[in-house]
Amino acid sequence: MWALLNELGRPELAYPAIHVVGTNGKSTATRRAAAFLRREGLSVGAYTSPHVSGWSERIQVGGEDADFAAALERVRGAAERVRATQFEALTAAALAEFAAAGVDVAVVEAGLGGRLDATNVLDARIVALTNVSLDHTDVLGDTREQIAREKLAVVTPGAAVVLGESEWEGLAREQGATRVVHADDVGRAAAEELSGRELPGEVDVTVPGRLDLFGEDVFAGAHNPAGVEWLVARLPRDDYVICAAVLADKDARSMLATLRSRGSSFVATQTETERTLAADELAQLAREFFADVESVPDAANALAHARERARPDGAVLVTGSLYLLRDLYQRLQAVR
């Protein structure tokens, strides 16, 4: 990543940055921080992942999707020369796009962890940690403290750290944070740290696939047990037909155990990635928790089956991996 940025003239040095890390809620916090700063009259770049509606949603300038093809083309030659990975190239494209656009500040979401993530090239004056739960334990560690340490490794001496969970203050200060702020609304608090004042009121922020409502149907990626718990607490019904796909490295059993409180019918499917848990395997696990289980490997067909089961007065909950929502949103002109 350093080699790639050196080839590009170190675009990440052209603006101050807020670096957002955590297990869940990073994209929402990133978009919220960017929106509050735009409301203050700043030009803001925002980088999020993964995408749901399309690749271009990952890189935004001024609240609008950047020209994704042009941003990639700007870094393509250098990325090929240093043999960058896809995520490294995407991250470099975002950082270079922000420099080319002359943004006043960039809000950048980490991809996985922090210490070894491609985004850990920012000397960010503000780091925001949304929360920490057991996810990617094969890479980040098998305790919450180990995972928090990996994520907070992006903190550089003198930075301010915004924490959604107060228990990590000691780790933040160990990394060199000179100011630690505790906040329920991490995105707002991060923007306040940069602006130097309280930012009251609200901003209108949408992140595709996080909690989309189409009538009574809900489309909400919740890719780990903590995400499912957050989602279930916000659902208004307990009679959904649940259509879900889960990646193979996730704790699918815990996710299913929580989802059963919101419906008794389950349609298992899979995503168009090598990391997916096969629909038949997910269905086998689901039979422990749901009275009515069906396996439909094709995601679009699985959604159609779920909707048929929900007729005439029921509702469908599509959840699990964000890649499932990506597959559906891109294959179907309108999920509704």
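Is R237 buried or exposed? I opened the predicted model with that question. R237 is buried, at a relative accessible area of 17%. That falls under the 20% cut-off for a buried residue.

**Entry 1: R237 and its partner**

I looked for what R237 meets. Its side chain forms a salt bridge with that of E216, 3.0 Å from N to O. R237 sits in the loop between α9 (225–232) and β11 (240–245), and E216 in the loop between β9 and β10 (217–221). The two are 21 residues apart, so I noted this as a link between distant parts of the chain. E216 is partly exposed, with a relative accessible area of 45%.

**Entry 2: R307 and D217**

I then turned to a second pair. R307 and D217 meet through their side chains in a salt bridge of 3.8 Å, N to O. R307 is in helix α12 (residues 299–310) and D217 is in strand β10, so this pair ties together parts that are 90 residues apart in sequence. I checked the accessibility of each. D217 counts as buried at 14%, while R307 is partly exposed at 22%.

**Entry 3: R188**

Next I went to helix α8 (residues 186–195), where R188 has its place. R188 counts as buried, at 16% relative accessibility. What does R188 touch, leaving out residues up to four places away in sequence? I listed R32, F36, L199, P200, G201 and E202.

Two of these contacts got a closer look. A polar atom of the R188 side chain lies 2.7 Å from the backbone oxygen of L199. E202 forms a salt bridge with R188, with the closest N and O atoms 3.5 Å apart. E202 lies in the loop between α8 and β9 (212–214), so its bridge to R188 in the helix joins parts that are 14 residues apart in sequence. E202 is partly exposed, at 48% relative accessible area.

R32, D185, R188 and E202 are linked in a network of salt bridges. For the whole structure I noted 28 salt bridges.

**Entry 4: the rest of α8**

How many of the ten residues of α8 are buried? Nine are, and the helix is mostly covered. After α8 comes G196, with a positive phi near 80 degrees.

**Entry 5: β7 and β8**

I looked at how these two strands pair. Strand β7 (residues 160–163) and strand β8 (residues 179–182) run parallel and are joined by four bridges. A160 has R179 of β8 as its bridge partner. From β7 the chain passes through helix α7 (residues 169–174) to reach β8, in a right-handed β-α-β crossover.

**Entry 6: the cores**

I ended with the nonpolar packing. The largest nonpolar core has 47 residues. Which members touch the most others? They are I59, L95, F98, L152, V161 and W168. Helix α4 (residues 86–101) gives the most to this core, with eight residues. I also traced V161, leaving out residues up to four places away in sequence: V161 touches V127, L152, V155, A172, A177, R179, V180 and V181. Apart from this core lies another, of 26 residues, including L231, F266, F290 and A315.

Conventions:
Residues are numbered from 1 along each chain as its sequence is written. This is a predicted model: local features need pLDDT of at least 70, side-chain atom pairs count only at pLDDT 80 or more; totals for chains, interfaces and linings use all residues. Side-chain values use heavy atoms; hydrogens and water are left out. A nonpolar core is a set of buried Ala, Val, Leu, Ile, Met, Phe, Trp, Tyr and Cys residues joined through side-chain atoms within 4.5 Å. Buried means under 20% relative accessible area, exposed over 50%, partly exposed in between (1.4 Å probe, protein chains only). Contact means heavy atoms within 4.5 Å. Two strands pair if DSSP finds at least two bridges between them. A crossover is right-handed if, with the strands pointing away from the viewer, the path from the first strand over the helix to the second runs clockwise. A polar contact is a pair of N or O atoms within 3.5 Å; within protein, one must be able to donate a hydrogen and the other to accept it, and residues adjacent in sequence count only if both atoms are side-chain atoms. A salt bridge is a side-chain nitrogen of Lys or Arg within 4 Å of a carboxyl oxygen of Asp or Glu.
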